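Please look over the model shown below, with attention to its ring contacts, its sheet and one of its helices. The report that follows describes these in turn.

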Amino acid sequence: MQEDKQRWNERYLDNPMPQSVSPLLEKYIGHAKVGQAIDVACGTGRNAHFLADLGFLVDAVDISDYALERVKNSSTIKKIDTDLDKYNLTPNKYDLIVNVNYLNRRLVSQMKEALRSGGVLVFETFIVAHGDFNLPTTNLDYLLRKNELLHSFIGLDVIYYEERVDINLRGEKIKVASLVAKKS
């Protein structure tokens, strides 16, 4: 865990991270009932802050203590410094689960179980580019395959799904999958 924590701390120091709320979350937040939320791999808290401002009680979870120090102290945000490779989501706890720019396949089934009835999932992360773009190779364990995100959440009612080419903060082309779904 210490090695992962150090790696993520360095990553937050070396690379600019988005400061504004995820456009996907902002667009689809109206589908979620205000209540208990979790921001998985919350980073510096851009989405957690947005949710807290709307009245959600937010569990902001990340391994980087550097990033969590930048999450504002608030009675509506609970900062959880943990390794998501070992952390388990509590079943039937959340009205909203947000997972942006992070993939941990171990948590997928837990996310489905952690949603309350009527709970909403907002999930967006990167897809394997298959050499389409001139980017350094990254660990494929942290990249989705085509349609994997959609298939991973079978059983939820899909509100929105898309796979697209986007541009990251450094101006590089990337492939992204986005899903918004609701538990019946």
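## Ring contacts and sheet

R70 lies over the face of Y66, at 3.5 Å from the ring centre (a charge sits over a ring if NZ of Lys or CZ of Arg is within 6 Å of the ring centre and within 35 degrees of the ring normal). The model is predicted, so local features need pLDDT of at least 70 and side-chain atom pairs count only at pLDDT 80 or more, whereas totals for chains, interfaces and linings use all residues. Residues are numbered from 1 along each chain as its sequence is written, and side-chain values use heavy atoms, with hydrogens and water left out.

The structure holds two aromatic pairs, where rings of Phe, Tyr and Trp (its six-membered ring) pair if their centres lie within 6.5 Å, and planes under 30 degrees apart count as stacked, over 60 as edge-to-face and the rest as tilted. One of them is the tilted pair of F123 and F153, at 5.7 Å centre to centre with 55° between the planes. Since F123 lies in strand β5 (residues 115-126) and F153 in the loop between α6 (148-152) and β6 (157-167), the pair ties together parts that are 30 residues apart in sequence; helices (H or I, at least four residues) and strands (E, at least two) are DSSP runs, numbered from the N terminus. Both F123 and F153 are buried (under 20% relative accessible area, with exposed over 50% and partly exposed in between, for a 1.4 Å probe and protein chains only).

Seven strands form an open sheet of mixed pairing, in the order β3-β2-β1-β4-β5-β7-β6, where two strands pair if DSSP finds at least two bridges between them. Strands β3 (77-81) and β6 stand at the edges with a single partner strand each, so one side of each is left without a neighbour in the sheet.

| Strands | Sense | Bridges | Bridge partners |
|---|---|---|---|
| β1 and β4 | parallel | four bridges | A37 and L96 |
| β4 and β5 | parallel | six bridges | N99 and F123 |
| β5 and β7 | antiparallel | seven bridges | F123 and L179 |

Helix α3 (residues 46-53) packs on the sheet, touching β1, β2 (57-62), β3 and β4, where contact means heavy atoms within 4.5 Å. Seven of the eight residues of α3 are buried, among them R46, H49 and F50, and the buried residues of α3 pack against α2 (23-28) as well as β1, β2, β3 and β4. After α3 comes G55, whose phi is positive, near 105°.

Terms used: Axes fitted to C-alpha atoms, helices over the stretch in contact; angles between N-to-C directions.
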